[in-house]
Amino acid sequence: MSSSGNNLMRWLRGADKPHAKAQEGAKTAPRTQRHCIGLGDFIRNLSGTSEKLCVLDLGPTSPTNIKLLTELGARVYNEDILRESQDETYLVKREDGSMQIDPDKFFAENLDYPAGHFDAMLFWDVADYLPEALVKPLVERLQAMLKPKGNLLAFFHTKDAGAESLYSRHHIVQKDMLELEPIPGFRLQRIFNNRHIENLFKDFASRKFFLGRDNIREVLMVR
Amino acid sequence: MSMNPIQPAQPAPPAAAAPSVPVQHKETPKASDPYKADVGHIGKSVQIKGELTGSEDLYLDGEIEGTIDLRDHSLIIGPNGKIKAGITARDLVVHGRVEGNVAATGRVELRKSCTLIGDVSTQRIVIEDGAFFKGAIDIREKDAPKTEARKPIAVASSGMSSGSSSGVASYNASSGSQGSFLDNK
(Lines give C-alpha, C1' and ligand atoms only; values in the text may rest on other atoms or scores of the structure.)
Protein backbone atom coordinates (compact mmCIF):
# COMPACT_ATOMS: atom_id res chain seq x y z
CA MET A 1 0.00 0.00 0.00
CA SER A 2 1.29 3.45 -0.84
CA SER A 3 2.45 5.83 1.82
CA SER A 4 -0.57 8.11 1.36
CA GLY A 5 -2.84 5.08 1.49
CA ASN A 6 -1.19 4.00 4.73
CA ASN A 7 -1.62 7.46 6.17
CA LEU A 8 -5.29 7.47 5.21
CA MET A 9 -5.83 4.09 6.85
CA ARG A 10 -4.02 5.22 9.97
CA TRP A 11 -6.15 8.37 10.06
CA LEU A 12 -9.32 6.35 9.68
CA ARG A 13 -8.25 4.13 12.56
CA GLY A 14 -7.45 7.15 14.67
CA ALA A 15 -3.75 6.33 14.84
CA ASP A 16 -2.85 9.99 14.57
CA LYS A 17 -3.43 10.27 18.29
CA PRO A 18 -0.38 8.20 18.91
CA HIS A 19 -1.02 5.43 21.36
CA ALA A 20 -2.67 7.68 23.88
CA LYS A 21 -5.89 5.73 24.03
CA ALA A 22 -4.17 2.38 23.74
CA GLN A 23 -1.73 3.24 26.51
CA GLU A 24 -4.52 4.44 28.73
CA GLY A 25 -6.41 1.24 28.07
CA ALA A 26 -3.37 -0.92 28.73
CA LYS A 27 -2.70 0.75 32.04
CA THR A 28 -6.19 0.04 33.28
CA ALA A 29 -6.96 -3.20 31.49
CA PRO A 30 -6.79 -6.29 33.65
CA ARG A 31 -5.34 -9.58 32.54
CA THR A 32 -7.82 -11.70 30.67
CA GLN A 33 -7.91 -15.34 29.77
CA ARG A 34 -8.86 -16.90 26.48
CA HIS A 35 -9.29 -20.46 25.38
CA CYS A 36 -6.98 -21.25 22.50
CA ILE A 37 -7.51 -24.30 20.29
CA GLY A 38 -4.49 -23.54 18.11
CA LEU A 39 -2.24 -23.46 21.15
CA GLY A 40 -3.60 -26.83 22.25
CA ASP A 41 -2.60 -28.33 18.90
CA PHE A 42 0.75 -26.57 19.04
CA ILE A 43 1.60 -27.95 22.49
CA ARG A 44 0.33 -31.39 21.54
CA ASN A 45 2.72 -31.46 18.61
CA LEU A 46 5.59 -30.43 20.88
CA SER A 47 4.78 -33.11 23.39
CA GLY A 48 4.88 -35.94 20.91
CA THR A 49 8.62 -36.29 20.73
CA SER A 50 11.42 -37.27 23.06
CA GLU A 51 13.97 -35.11 21.31
CA LYS A 52 15.14 -31.80 22.72
CA LEU A 53 13.21 -29.28 20.67
CA CYS A 54 14.11 -25.68 20.00
CA VAL A 55 11.16 -23.33 20.47
CA LEU A 56 11.25 -19.62 19.65
CA ASP A 57 8.93 -17.24 21.49
CA LEU A 58 8.65 -13.96 19.62
CA GLY A 59 6.64 -12.14 22.25
CA PRO A 60 7.66 -10.32 25.40
CA THR A 61 9.40 -12.50 27.98
CA SER A 62 6.92 -14.67 29.82
CA PRO A 63 8.13 -16.69 32.79
CA THR A 64 5.15 -19.02 32.55
CA ASN A 65 5.88 -19.81 28.89
CA ILE A 66 9.49 -20.56 29.68
CA LYS A 67 8.44 -22.76 32.59
CA LEU A 68 5.93 -24.73 30.54
CA LEU A 69 8.16 -25.15 27.51
CA THR A 70 11.23 -26.15 29.49
CA GLU A 71 9.11 -28.64 31.41
CA LEU A 72 8.27 -30.16 28.05
CA GLY A 73 12.00 -30.59 27.59
CA ALA A 74 12.39 -27.84 25.02
CA ARG A 75 15.19 -25.33 24.67
CA VAL A 76 13.43 -21.99 24.76
CA TYR A 77 14.53 -18.95 22.77
CA ASN A 78 13.01 -15.56 23.39
CA GLU A 79 13.20 -12.51 21.13
CA ASP A 80 10.81 -9.64 21.75
CA ILE A 81 10.69 -8.58 18.14
CA LEU A 82 8.15 -5.79 18.52
CA ARG A 83 10.06 -4.10 21.30
CA GLU A 84 13.26 -4.36 19.30
CA SER A 85 11.56 -2.83 16.27
CA GLN A 86 11.02 0.36 18.29
CA ASP A 87 14.77 0.94 18.48
CA GLU A 88 15.49 4.13 16.56
CA THR A 89 18.94 2.97 15.52
CA TYR A 90 17.29 0.81 12.88
CA LEU A 91 15.60 3.77 11.21
CA VAL A 92 16.79 5.19 7.89
CA LYS A 93 15.65 8.27 6.04
CA ARG A 94 13.61 7.66 2.91
CA GLU A 95 13.62 9.81 -0.22
CA ASP A 96 10.53 11.70 0.92
CA GLY A 97 12.26 12.57 4.18
CA SER A 98 10.25 10.23 6.37
CA MET A 99 11.93 7.68 8.59
CA GLN A 100 11.47 3.96 8.05
CA ILE A 101 12.91 0.88 9.65
CA ASP A 102 15.66 -0.76 7.62
CA PRO A 103 15.12 -4.55 7.58
CA ASP A 104 18.78 -5.24 6.78
CA LYS A 105 19.97 -3.29 9.81
CA PHE A 106 17.28 -4.87 11.94
CA PHE A 107 18.05 -8.44 10.98
CA ALA A 108 21.77 -7.89 11.36
CA GLU A 109 21.12 -7.74 15.10
CA ASN A 110 17.96 -9.76 15.54
CA LEU A 111 16.89 -13.31 14.75
CA ASP A 112 20.41 -14.29 13.79
CA TYR A 113 19.96 -18.05 13.69
CA PRO A 114 20.92 -20.71 11.17
CA ALA A 115 18.39 -22.08 8.71
CA GLY A 116 16.22 -24.88 10.06
CA HIS A 117 17.21 -24.22 13.67
CA PHE A 118 13.77 -24.24 15.27
CA ASP A 119 11.16 -26.92 15.70
CA ALA A 120 8.40 -24.52 16.64
CA MET A 121 7.67 -20.82 16.91
CA LEU A 122 5.18 -18.72 18.85
CA PHE A 123 4.54 -15.66 16.70
CA TRP A 124 1.45 -14.55 18.66
CA ASP A 125 -0.14 -11.41 17.16
CA VAL A 126 3.14 -9.60 16.58
CA ALA A 127 2.53 -9.24 12.82
CA ASP A 128 -0.48 -7.00 13.45
CA TYR A 129 1.66 -4.47 15.31
CA LEU A 130 4.96 -4.57 13.41
CA PRO A 131 6.12 -1.76 11.13
CA GLU A 132 5.04 -2.49 7.56
CA ALA A 133 8.59 -2.75 6.23
CA LEU A 134 9.40 -5.64 8.57
CA VAL A 135 6.42 -7.91 8.07
CA LYS A 136 7.31 -9.71 4.84
CA PRO A 137 11.05 -10.05 5.49
CA LEU A 138 10.31 -11.31 8.99
CA VAL A 139 7.94 -14.00 7.77
CA GLU A 140 10.50 -15.10 5.17
CA ARG A 141 13.16 -15.28 7.84
CA LEU A 142 10.94 -17.25 10.20
CA GLN A 143 10.16 -19.72 7.48
CA ALA A 144 13.85 -20.20 6.76
CA MET A 145 14.66 -20.72 10.44
CA LEU A 146 11.91 -23.27 10.91
CA LYS A 147 12.62 -26.94 10.29
CA PRO A 148 10.55 -28.82 7.75
CA LYS A 149 7.33 -29.90 9.48
CA GLY A 150 7.99 -27.32 12.18
CA ASN A 151 4.98 -25.48 13.64
CA LEU A 152 4.32 -21.77 13.82
CA LEU A 153 1.40 -20.36 15.79
CA ALA A 154 0.19 -16.88 14.89
CA PHE A 155 -2.82 -14.77 15.85
CA PHE A 156 -4.46 -12.09 13.74
CA HIS A 157 -7.10 -9.58 14.72
CA THR A 158 -10.18 -9.81 12.55
CA LYS A 159 -11.23 -6.24 13.23
CA ASP A 160 -9.72 -3.18 14.77
CA ALA A 161 -11.41 -2.79 18.10
CA GLY A 162 -9.54 0.43 18.81
CA ALA A 163 -8.24 0.71 22.31
CA GLU A 164 -9.48 -2.81 22.99
CA SER A 165 -7.01 -4.21 20.46
CA LEU A 166 -4.24 -3.96 22.96
CA TYR A 167 -0.93 -5.57 22.39
CA SER A 168 -0.50 -8.22 25.04
CA ARG A 169 2.03 -10.47 26.59
CA HIS A 170 0.77 -14.01 26.14
CA HIS A 171 1.20 -16.30 29.11
CA ILE A 172 0.45 -19.97 28.58
CA VAL A 173 -1.40 -20.89 31.76
CA GLN A 174 -2.66 -24.23 30.51
CA LYS A 175 -2.02 -26.19 27.39
CA ASP A 176 -5.01 -24.61 25.69
CA MET A 177 -5.48 -21.49 27.80
CA LEU A 178 -3.75 -18.14 27.53
CA GLU A 179 -3.60 -15.21 29.89
CA LEU A 180 -3.26 -11.87 28.13
CA GLU A 181 -1.40 -9.11 29.91
CA PRO A 182 -1.87 -5.77 28.14
CA ILE A 183 1.32 -3.90 27.31
CA PRO A 184 1.10 -0.17 26.67
CA GLY A 185 2.75 1.66 23.80
CA PHE A 186 1.72 -0.32 20.76
CA ARG A 187 -1.07 0.24 18.27
CA LEU A 188 -2.63 -2.18 15.81
CA GLN A 189 -1.11 -1.37 12.42
CA ARG A 190 -3.21 -3.42 10.06
CA ILE A 191 -5.86 -6.11 9.70
CA PHE A 192 -4.94 -9.22 7.76
CA ASN A 193 -7.74 -11.11 6.06
CA ASN A 194 -7.50 -14.79 5.12
CA ARG A 195 -6.15 -13.99 1.65
CA HIS A 196 -3.41 -11.76 3.10
CA ILE A 197 -2.40 -14.47 5.54
CA GLU A 198 -2.29 -17.15 2.87
CA ASN A 199 -0.15 -14.94 0.65
CA LEU A 200 2.16 -13.94 3.45
CA PHE A 201 2.72 -17.54 4.54
CA LYS A 202 2.41 -19.05 1.08
CA ASP A 203 5.63 -21.05 1.36
CA PHE A 204 4.35 -23.01 4.34
CA ALA A 205 3.06 -26.50 3.61
CA SER A 206 -0.21 -26.07 5.47
CA ARG A 207 -2.20 -23.48 7.36
CA LYS A 208 -4.96 -24.33 9.79
CA PHE A 209 -7.35 -21.53 10.77
CA PHE A 210 -9.33 -21.26 13.98
CA LEU A 211 -11.73 -18.37 14.21
CA GLY A 212 -12.44 -17.16 17.73
CA ARG A 213 -15.43 -15.20 18.98
CA ASP A 214 -13.15 -12.53 20.35
CA ASN A 215 -12.09 -11.14 16.96
CA ILE A 216 -8.94 -13.22 16.90
CA ARG A 217 -8.05 -15.62 14.12
CA GLU A 218 -5.61 -18.31 15.22
CA VAL A 219 -3.48 -19.86 12.52
CA LEU A 220 -1.32 -22.92 13.03
CA MET A 221 1.16 -23.22 10.21
CA VAL A 222 3.34 -26.15 9.31
CA ARG A 223 6.41 -25.64 7.20
CA MET B 1 0.21 -22.51 86.41
CA SER B 2 2.52 -20.80 88.80
CA MET B 3 1.77 -17.27 89.79
CA ASN B 4 4.54 -14.73 89.94
CA PRO B 5 3.51 -12.00 92.30
CA ILE B 6 4.83 -8.62 91.32
CA GLN B 7 7.93 -7.96 93.27
CA PRO B 8 8.51 -4.49 94.60
CA ALA B 9 11.32 -2.68 92.83
CA GLN B 10 14.60 -3.42 94.46
CA PRO B 11 16.88 -0.50 95.04
CA ALA B 12 19.91 -0.53 92.79
CA PRO B 13 23.04 -1.67 94.52
CA PRO B 14 25.64 0.98 95.06
CA ALA B 15 28.11 1.38 92.19
CA ALA B 16 31.00 0.49 94.34
CA ALA B 17 29.52 -2.89 95.02
CA ALA B 18 29.41 -3.77 91.37
CA PRO B 19 32.05 -6.23 90.24
CA SER B 20 34.77 -4.51 88.26
CA VAL B 21 34.52 -6.60 85.17
CA PRO B 22 35.41 -4.58 82.06
CA VAL B 23 32.48 -4.44 79.68
CA GLN B 24 33.39 -5.60 76.21
CA HIS B 25 31.20 -4.54 73.29
CA LYS B 26 31.72 -7.60 71.19
CA GLU B 27 29.05 -8.02 68.54
CA THR B 28 27.59 -11.42 68.40
CA PRO B 29 27.65 -12.54 64.76
CA LYS B 30 24.24 -13.07 63.33
CA ALA B 31 23.49 -16.14 61.36
CA SER B 32 23.87 -14.28 58.08
CA ASP B 33 27.07 -12.47 58.95
CA PRO B 34 29.51 -15.27 58.22
CA TYR B 35 27.95 -15.47 54.76
CA LYS B 36 28.17 -11.73 54.25
CA ALA B 37 31.75 -11.76 55.36
CA ASP B 38 32.60 -14.07 52.50
CA VAL B 39 30.87 -12.00 49.86
CA GLY B 40 33.13 -9.82 47.77
CA HIS B 41 31.71 -6.48 46.74
CA ILE B 42 32.40 -4.47 43.61
CA GLY B 43 30.78 -1.08 43.77
CA LYS B 44 28.95 0.83 41.09
CA SER B 45 31.83 3.16 40.25
CA VAL B 46 34.18 0.28 39.43
CA GLN B 47 34.95 -0.63 35.82
CA ILE B 48 36.87 -3.77 34.97
CA LYS B 49 38.04 -5.04 31.60
CA GLY B 50 39.44 -8.52 31.50
CA GLU B 51 39.05 -11.82 33.28
CA LEU B 52 37.42 -11.90 36.69
CA THR B 53 37.82 -15.11 38.68
CA GLY B 54 37.27 -15.86 42.33
CA SER B 55 36.60 -18.45 44.98
CA GLU B 56 34.04 -16.55 46.99
CA ASP B 57 30.58 -15.20 46.45
CA LEU B 58 30.46 -11.82 44.76
CA TYR B 59 28.12 -8.84 44.63
CA LEU B 60 28.80 -6.87 41.50
CA ASP B 61 27.31 -3.46 40.89
CA GLY B 62 29.89 -2.00 38.51
CA GLU B 63 30.77 -2.41 34.86
CA ILE B 64 32.60 -5.50 33.67
CA GLU B 65 33.75 -6.40 30.19
CA GLY B 66 35.42 -9.75 29.58
CA THR B 67 34.71 -12.96 31.44
CA ILE B 68 33.52 -13.82 34.93
CA ASP B 69 34.32 -17.21 36.38
CA LEU B 70 33.15 -18.00 39.89
CA ARG B 71 32.55 -21.73 39.35
CA ASP B 72 31.27 -22.94 42.71
CA HIS B 73 30.11 -19.60 44.03
CA SER B 74 27.24 -17.20 43.75
CA LEU B 75 27.18 -13.99 41.78
CA ILE B 76 24.71 -11.16 42.30
CA ILE B 77 24.56 -8.47 39.65
CA GLY B 78 23.24 -5.33 41.34
CA PRO B 79 20.83 -2.86 39.78
CA ASN B 80 23.66 -0.67 38.54
CA GLY B 81 25.64 -3.59 37.17
CA LYS B 82 26.43 -3.54 33.46
CA ILE B 83 28.09 -6.72 32.38
CA LYS B 84 29.41 -7.59 28.94
CA ALA B 85 30.86 -10.94 29.75
CA GLY B 86 30.34 -14.65 29.64
CA ILE B 87 29.49 -15.74 33.17
CA THR B 88 30.18 -19.03 34.89
CA ALA B 89 28.89 -19.40 38.42
CA ARG B 90 26.97 -21.76 40.67
CA ASP B 91 24.08 -19.37 41.28
CA LEU B 92 23.37 -16.09 39.59
CA VAL B 93 20.94 -13.32 40.50
CA VAL B 94 20.57 -10.48 38.00
CA HIS B 95 19.07 -7.10 38.84
CA GLY B 96 21.06 -5.09 36.29
CA ARG B 97 22.07 -5.65 32.68
CA VAL B 98 24.00 -8.61 31.31
CA GLU B 99 25.11 -9.15 27.74
CA GLY B 100 26.76 -12.53 27.47
CA ASN B 101 26.17 -16.20 27.87
CA VAL B 102 25.49 -17.59 31.32
CA ALA B 103 26.39 -21.06 32.54
CA ALA B 104 25.21 -21.86 36.04
CA THR B 105 25.41 -25.20 37.79
CA GLY B 106 22.72 -24.22 40.27
CA ARG B 107 20.09 -21.56 39.85
CA VAL B 108 19.60 -18.40 37.82
CA GLU B 109 17.25 -15.65 38.97
CA LEU B 110 16.25 -12.85 36.63
CA ARG B 111 14.69 -10.08 38.68
CA LYS B 112 12.11 -7.69 37.30
CA SER B 113 14.55 -4.85 36.69
CA CYS B 114 17.00 -6.98 34.77
CA THR B 115 17.95 -7.24 31.13
CA LEU B 116 19.72 -10.37 29.98
CA ILE B 117 20.85 -10.73 26.38
CA GLY B 118 22.51 -14.06 25.88
CA ASP B 119 22.03 -17.77 26.28
CA VAL B 120 21.42 -19.31 29.67
CA SER B 121 22.34 -22.83 30.63
CA THR B 122 21.30 -23.82 34.13
CA GLN B 123 19.55 -26.41 36.25
CA ARG B 124 16.90 -24.06 37.58
CA ILE B 125 15.70 -20.64 36.54
CA VAL B 126 13.42 -18.05 38.09
CA ILE B 127 12.20 -15.16 35.98
CA GLU B 128 10.21 -12.34 37.52
CA ASP B 129 7.50 -10.57 35.57
CA GLY B 130 9.05 -7.57 33.89
CA ALA B 131 12.47 -9.07 33.31
CA PHE B 132 13.68 -8.65 29.74
CA PHE B 133 15.33 -11.68 28.25
CA LYS B 134 16.67 -12.20 24.76
CA GLY B 135 18.38 -15.48 24.01
CA ALA B 136 18.00 -19.16 24.70
CA ILE B 137 17.31 -21.04 27.91
CA ASP B 138 18.58 -24.54 28.27
CA ILE B 139 17.62 -26.42 31.40
CA ARG B 140 20.29 -28.99 32.10
CA GLU B 141 19.87 -31.96 34.31
CA LYS B 142 22.37 -32.45 37.07
CA ASP B 143 25.70 -33.73 35.79
CA ALA B 144 24.50 -33.52 32.23
CA PRO B 145 27.18 -32.46 29.78
CA LYS B 146 27.21 -28.77 29.03
CA THR B 147 25.58 -27.73 25.82
CA GLU B 148 27.58 -25.36 23.72
CA ALA B 149 26.40 -21.79 23.83
CA ARG B 150 25.04 -20.45 20.59
CA LYS B 151 26.92 -17.22 20.25
CA PRO B 152 29.44 -15.81 22.67
CA ILE B 153 28.19 -12.26 22.73
CA ALA B 154 30.66 -10.32 24.75
CA VAL B 155 33.84 -12.25 24.35
CA ALA B 156 33.86 -12.81 20.63
CA SER B 157 31.45 -11.47 18.11
CA SER B 158 32.13 -13.96 15.32
CA GLY B 159 29.49 -16.27 13.92
CA MET B 160 27.50 -19.04 15.48
CA SER B 161 29.24 -21.72 17.40
CA SER B 162 26.48 -24.23 17.45
CA GLY B 163 23.62 -25.21 15.35
CA SER B 164 20.69 -27.47 15.39
CA SER B 165 22.11 -30.64 16.75
CA SER B 166 18.78 -32.30 17.20
CA GLY B 167 17.23 -33.93 14.23
CA VAL B 168 13.93 -33.11 12.67
CA ALA B 169 11.18 -33.68 15.13
CA SER B 170 8.38 -36.01 14.26
CA TYR B 171 5.16 -34.04 14.15
CA ASN B 172 1.62 -35.16 13.78
CA ALA B 173 0.63 -32.22 11.66
CA SER B 174 -0.21 -32.94 8.07
CA SER B 175 2.44 -31.30 5.99
CA GLY B 176 1.15 -32.34 2.67
CA SER B 177 -2.19 -30.61 2.63
CA GLN B 178 -2.10 -27.31 0.82
CA GLY B 179 -4.56 -24.54 1.33
CA SER B 180 -6.52 -23.71 4.41
CA PHE B 181 -9.66 -24.68 6.17
CA LEU B 182 -11.68 -22.90 8.76
CA ASP B 183 -12.66 -24.35 12.12
CA ASN B 184 -15.15 -22.41 14.12
CA LYS B 185 -14.51 -22.41 17.84
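This is a predicted model: local features need pLDDT of at least 70, side-chain atom pairs count only at pLDDT 80 or more; totals for chains, interfaces and linings use all residues.
Two residues are in contact if their C-beta atoms, placed from the backbone, lie within 7 Å.

**Helix 4 of chain A.** Select residues 63–71 of chain A, which form helix 4. Within this helix, N65(A), I66(A) and L69(A) are buried. The three cover an arc of only 95° around the axis, which puts them on the same side of helix 4 of chain A. An α-helix has 3.6 residues a turn, so residues three or four places apart point the same way.

Next, display what the buried residues of this helix pack against. In chain A, the partners are strand 2 (54–57), strand 3 (75–78) and strand 8 (168–174). Chain B contributes strand 13 (124–127) and strand 14 (132–139). Then move to G73(A), which follows helix 4 of chain A and has a positive phi, near 90°.

**The nonpolar core.** Select V55(A), M121(A), F123(A), A154(A) and L75(B): these residues have the most contacts inside the largest nonpolar core, a set of 86 residues. Centre the view on M121(A). Leaving out residues up to four places away in sequence, M121(A) touches L56(A), L58(A), L142(A), L146(A) and L152(A).

**Strand 1 of chain B.** Finally, select residues 40–42 of chain B, the strand that holds I42(B). Is I42(B) buried or partly exposed? With 18 other C-beta atoms within 10 Å, I42(B) is partly exposed. Beyond its neighbours within four places in sequence, I42(B) is in contact with L58(B), L60(B), D61(B) and G62(B). For L58(B), the C-alpha to C-alpha distance from I42(B) is 7.7 Å, across a separation of 16 residues in sequence.

Technical notes
Residues are numbered from 1 along each chain as its sequence is written. Chains are lettered from A and ligands numbered from 1 in the order in which they are written. A residue is buried if 20 or more other C-beta atoms lie within 10 Å of its own, exposed if 12 or fewer, and partly exposed in between; C-beta atoms are placed from the backbone. Helices (H or I, at least four residues) and strands (E, at least two) are DSSP runs, numbered from the N terminus. The arc is that of the directions from the helix axis to the C-beta atoms. A nonpolar core is a set of buried Ala, Val, Leu, Ile, Met, Phe, Trp, Tyr and Cys residues joined through C-beta atoms within 7 Å.
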